Structure formats: structure tokens, C-alpha cells
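The notes below are meant for a colleague opening this entry for the first time. Please read them with the structure in view.

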Amino acid sequence: MVATTTKLPHWDMTPFFPGLESPELDSAIAGVVHSLDEMEALFDRHGVGEREPASLHDETVRAFEEVVEQFNALLEERLTVAAYIQTFVATNSRDDLAQARWSEMQQNGVRLSKLSTRFTAWVGSLDVDALIERSKVASDHAFMLRKTKEGATHLMSPQEEELAAELRLSGASAWGKLHNNVTSQLIVPVEIDGEPRDMAMSAVRNLAYDPDRDVRRRAYEAELAAWERAALPAAAALNGIKGEVNTLAKRRRWGSALDEALYDSNIDRQTLDAMMEAAHESFPDFRRYLHAKARALGIERLAWYDIFAPVGADEREWDYEDATGFIVEQFGTYSGKMSDFAARAFQEGWIDAEPRSGKRDGAFCMGIRREVSRVFLNYKPSFGSVSTLAHELGHGYHNLVKAERTMLQKSTPMTLAETASIFCETIVQHAAMKGASREEQLALLEASLQRSCQVVVDITSRFLFEKRLYDKRLERELSIDELSNLMLDAQKETYGDGLDPEKLHPYMWAVKPHYYRPELSFYNFPYMFGLLFGLGLYARYKEEPEGFKRGYDDLLSSTGLDDAATLASRFGIDVRTPAFWRASLDIVRGEIESFTALVAGS
């Protein structure tokens, strides 16, 4: 089993507050509460809420401008405090003080949710087009206004919306918190090199990348046994969350939970169908890749625990320090601005990379103050982790170029939130291929295809699972076995004969925290959109580097200012037809051809 030789960093949160018990944090939380009080008073003074449509008067225009200015300020103030506390919860779910502080933020989050609903209802009563013509503030927030007016048509009554906001803390949010706490604290007994060990789940899942198949198999079997033990609360949480989402979607007059997710993602059903059509067409190509990988590993067919197995020989030592230096250097091939950003992130302690007990699985980037972010991952000494680090820093770069936008302008859907991250990840992956030996090329192509297979094939399986789960949850709760069978069916449908059907992962529904975010239903297809959109943009960059650079940062800065189709059209991209998605997948097909040729020549 490979281990990194460099002490992996924990992020530095002292630039914001000295600690969770500090008077400074107490004061900041009190400041958020005070700002909420002032915002509620402002809303009451201007009659912000549900009302009959009326002519647009100068007084209404001035009220709108005052409300938006104060709302933006409140959102920015709360962001720093909430993100700060969340960093402690994410890295140690056993931290009772952090959990208590987070509960405080959730309480004032309910108040914020109520204000947001009142604002939406108010905008729904206004002549938005006339407002945009008469107000610079409204013009600057035009897309948000038009989208909010549409959203107003899906509001319940004010009393029902208020009750839903209050009940969420003891409903879906509580179920999500239960899942996070239970799964992040799972200790898994596993035998490694003949020695029994108790390991954190995140560390056990990292063993899926081990070159020794017996280690991978033991880790997989131990992981499944642990998920089986945790399945009861996970299933209860999943049923609770999806039941609540279904109920509210129906009461808010959405055709389905998926329709609401598409609205939130700033795409339409035509775009989703076009992308999914191209994805399904690519499955035979991905199965060719999986068969070639099995041949490279000297086995008849891949089991689930072989998906992340290394292929080829990565002759570089991807120690953490090597990864950071490589990323800074390669970001510099695009621009000094991107390189300087990455260097700053490493120098100022923005990264938490060490896997440890109580720390949740996965990776994310979280904005915390204007251009400043924090990056979370569980680093292992493989190029896959280098790619993940570059990916999350791409999110941070996105935050950097959006820094001067207001909070209401910055609101970026998941579909577009992956744009910069995929682009940055691709820069690093392509750079690593240059001058690589045959064995290194094999390893790097495998890392890239591994990512693409997860984001196209596995994401489709997760999408199919979630869609069917929502449909069945309309009728009743699902048992553990039913959830597992739904997941297995989706995996068989997408992976096909690329994987051993007897060695799949029936508990993937319990593994992925995405299913347990009630505010982010269908937190899956946006990843595919992000990968294929990012690859398409990278292809445009390679065709015309200087012209691309002139528009790229502006595109990233504008991801909260228009829908995906309109933004894509800036680069001549039509996301509503399968052609663009097929072209992006052709890039992946080219990698599959190279990979299978290298395997055949070995």
C-alpha cells in the first residue's frame, strides 16, 4: 500500500476567526442576527412579500434598490461565518461545538429562507421588464429578476412556505445531518498485509486505488460490510429526504422533482435529453475501455473494486509537494493570473488534504470571502489526487473571477459551476502526458478515462437511480433491499458487460452524500454537463488560444447572469442538440483509442 511521505496540510482558518469559542466569532454571529433583524424590518417597511400586481412607481423602484443592496450585504456577511463553521464540521463530525455552532447557523438560515421566499413573491408581483428599464441595479440583476419572477409562480401560500422553512430543520436537513454524522464516523475493520486494522471509511475507500488486487478486494468487502451495518439509518434518511422533496414539489406545482432541478440548474429538458442521448451512445465505447483495462490488469473482467486500480507505471512520485509545484507550473501555461492564484492557495493554507477519522469523504471547494476559498480533499499519492486538487482549485479560480459580482449575481448553478474545474483539471492532465513514457502515458490515460467513465457512465447510473427512486417514493418508502436493487439495476444498465455483474456496489446510494442534500436534488447530471462542457471549451481554447482567453474569464464571471444555453452561445455552442455533446465525447473516444492501442501493444 502506497503512502505519501509529506505531512498533508490542514487548512488555516485563523485569518477569519481565532476559533469556534472566540469572542470574534460570537460577535460575527450576533452581527448576522442583527442584519437579519434589519432586513426583516426593511421588508416590513416596504411591504416585501406576496401582493397583487400594481403599477411600477418611483417609490417601488427605490425600495427595490434598497432591498437588493441590503440583501447582497447580508448574504456576503453570512457566507463567511457559515463557511467558517462548516470547515470544522466537514473535517471532524465529532466536534460537538462545531455541530452546535452549525445548528445556530441553520436556525438563522430558516429566517433567511423566509426572507428569500418573501422576496421571490414580491418580485413576482412586479413588472420586471419595466423595472429593468428604470433601474441600474435591476438591470445589473436582470437574469436573477426574470428567473425569480418565474420561480414565484411555484410558491405555495406565504403561511405554507413559512411552515416548510421551519420544518426543514427537523425534516430533510436533520436527515442529511444524520447521514453525514453516521457515515463520516464509520470505522471499518479490514485486514491489510495479514494485519487487522480499524480504519476510517475515507481511508478504506482510498484503498480502491491500491495496486494490489487482494488489498482492493479486502477493502471492498470490508466497505460493503460497513455500509450494510449503516444501511438502516441511511435508508431512513434517504426516504425522509426524497419524500419531503416530492411533497413540496407537488405543492409548488412542479411536474416533478426533476423539473425543479432543471430550473435550479438553468437548463431545460431539451438540453438534458440531448446530453443524455449522447451519453447513452457512448456506453459501448466506455465498455471497450473497461475491457481493455481488464486485459491490462491480466484479469477476465473488472470487478467494482478494480474500477480505480492503477494501470501502467506512474514513474513520478506524486507526493503532495510535487503535486502543488506541478499545478502551479501548469496553470502558468494558461495565464500568470491562474498560476498566481494556485500559488496563493498553497502558501496561505487554503487546503485540507489529510484523510482522518471524522472527516467526510469526497472533495469540494467552498468560497468563504470574495476571492478567498477553502479546498477539501482526501489526498493519496496518485495522479488522480493531483487531478482532483487541480479540479477543486478550478472552483477557487471561478470564485476569484466572480469576486466583484454581487452575491445575487454570483449564484451559479451546478451545471456551470463545474466549468472552470474541468478546464483546470484538463490543463494538468494534458501537461502530464507530454514527454511521458509509454507506461506513464498508460497511467495518465487511465486516470483521465477513469474520471470520464465516472462522470458519464457512473453519473448516468446515479441519475437513473435517483429518478426511479423519486417515482417510487411517490407511492411509499423503499426498503434497504429495494434501494440496493434499484442501484444494482442502474449499474448493470450503464456499465453493461464492462463489469462483473456479481461484483457491483449495491450500497452506492448510502455512499454518495449528494443524495442527502435536499436543496440539491439530482446532484448528478450537472457533473456530466460540467465535464463535457469543460472539454468542449478546452477544445476551443486549443483551436484559438488568444481569442479564447479574451472571453473565458468573462464567461466564468457571468455564470450567474444568464442561462447555460445563452452563455454557451458566446463560444458558438448549442447545448440543446446532441451534436455538441457527441463532439465532447469524441475527445474521450480518442483517449479510449489511444489507451486500447497501448494495452494491445504491451
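This is a predicted model: local features need pLDDT of at least 70, side-chain atom pairs count only at pLDDT 80 or more; totals for chains, interfaces and linings use all residues.

What does the accessible surface of the protein come to, and what percentage of that surface belongs to carbon and sulfur atoms?

1. Surface. The accessible surface of the protein is about 24200 Å². Carbon and sulfur atoms hold 49% of that surface.

2. Overall dimensions. Along the principal axes, the C-alpha atoms of the protein fill a box of roughly 75 × 55 × 50 Å. The radius of gyration is 24 Å, which agrees with the value near 25 Å that a compact globule of 602 residues would have. Of the 602 residues, 58% count as buried. Among contacts with a separation of 6 or more, 77% are between residues 24 or more positions apart.

3. Secondary structure. The protein contains 25 helices and five strands.

4. Strand S1 covers residues 187–192 and strand S2 covers residues 195–200. Six bridges pair S1 with S2 in the antiparallel sense. Ile192 stands opposite Glu195 of S2. Two residues lie between the strands of this hairpin, and Asp193 in the turn has a positive phi of about 55°.

5. The three-stranded sheet. In what order do the three strands of the open sheet lie? The order is S3-S5-S4, with mixed pairing. Strand S3 (351–352) and strand S4 (364–369) are at the edges with a single partner strand each, so one side of each has no neighbour in the sheet. Helix H15 (residues 383–401) packs on this sheet and touches S3, S4 and S5. The direction of H15 makes about 30° with that of S4.

6. Pairing inside the sheet. S3 and strand S5 (residues 372–376) run parallel and are joined by two bridges. S4 and S5 run antiparallel, with five bridges between them. Phe376 of S5 stands opposite Asp352, and Phe376 is also the bridge partner of Phe364.

7. The turn at Arg370. S4 and S5 form a hairpin with two residues between them. Arg370 is in the loop between these strands. Its phi is positive, about 45°, although Arg370 is not a glycine. Most residues other than glycine have a negative phi. Is Arg370 buried, exposed or partly exposed? Arg370 counts as partly exposed because its relative accessible area is 36%, which falls between the limits of 20% and 50%.

8. Phe522 is a residue other than glycine, and its phi is near 55°. Phe522 lies in the loop between helix H21 (508–511) and helix H22 (525–543). With a relative accessible area of 2%, Phe522 is buried.

9. Val32 in helix H1. Helix H1 spans residues 23–46 and includes Val32. Why does Val32 count as buried? Its relative accessible area is 0%, and buried means under 20%. Leaving aside neighbours within four places in sequence, Val32 is in contact with Leu74, Glu77, Arg78, Val81 and Asn108. Val32 and Met105 are 73 residues apart along the chain, and their C-alpha atoms are separated by 9.2 Å.

10. Thr271 in helix H12. Thr271 belongs to helix H12 (residues 269–297). Its relative accessibility of 2% makes Thr271 a buried residue. Which residue joins its side chain to that of Thr271 by a polar contact of 2.7 Å? The partner is Asp268. Not counting residues up to four places away in sequence, Thr271 touches Phe529, Val575, Arg576 and Trp581.

11. Leu445 in helix H19. Leu445 is found in helix H19, which covers residues 438–473. At a relative accessible area of 6%, Leu445 is buried. Apart from neighbours within four places in sequence, Leu445 is in contact with Met433, Glu591, Ser594, Phe595 and Leu598. Arg576, which is in contact with Thr271, is 131 residues from Leu445 along the chain, and the C-alpha atoms of Leu445 and Arg576 are separated by 29 Å.

Methods: Residues are numbered from 1 along each chain as its sequence is written. Side-chain values use heavy atoms; hydrogens and water are left out. Two strands pair if DSSP finds at least two bridges between them. Helices (H or I, at least four residues) and strands (E, at least two) are DSSP runs, numbered from the N terminus. Contact means heavy atoms within 4.5 Å. Axes are lines fitted to C-alpha atoms, for helices over the stretch in contact, and angles run from 0 to 180 degrees between N-to-C directions. The radius of gyration is taken over C-alpha atoms; the globule rule is 2.2 Å times the number of residues to the power 0.38. Buried means under 20% relative accessible area, exposed over 50%, partly exposed in between (1.4 Å probe, protein chains only). Accessible areas come from the Shrake-Rupley method with a 1.4 Å probe; for residues, only the protein chains shown count as cover. A polar contact is a pair of N or O atoms within 3.5 Å; within protein, one must be able to donate a hydrogen and the other to accept it, and residues adjacent in sequence count only if both atoms are side-chain atoms.
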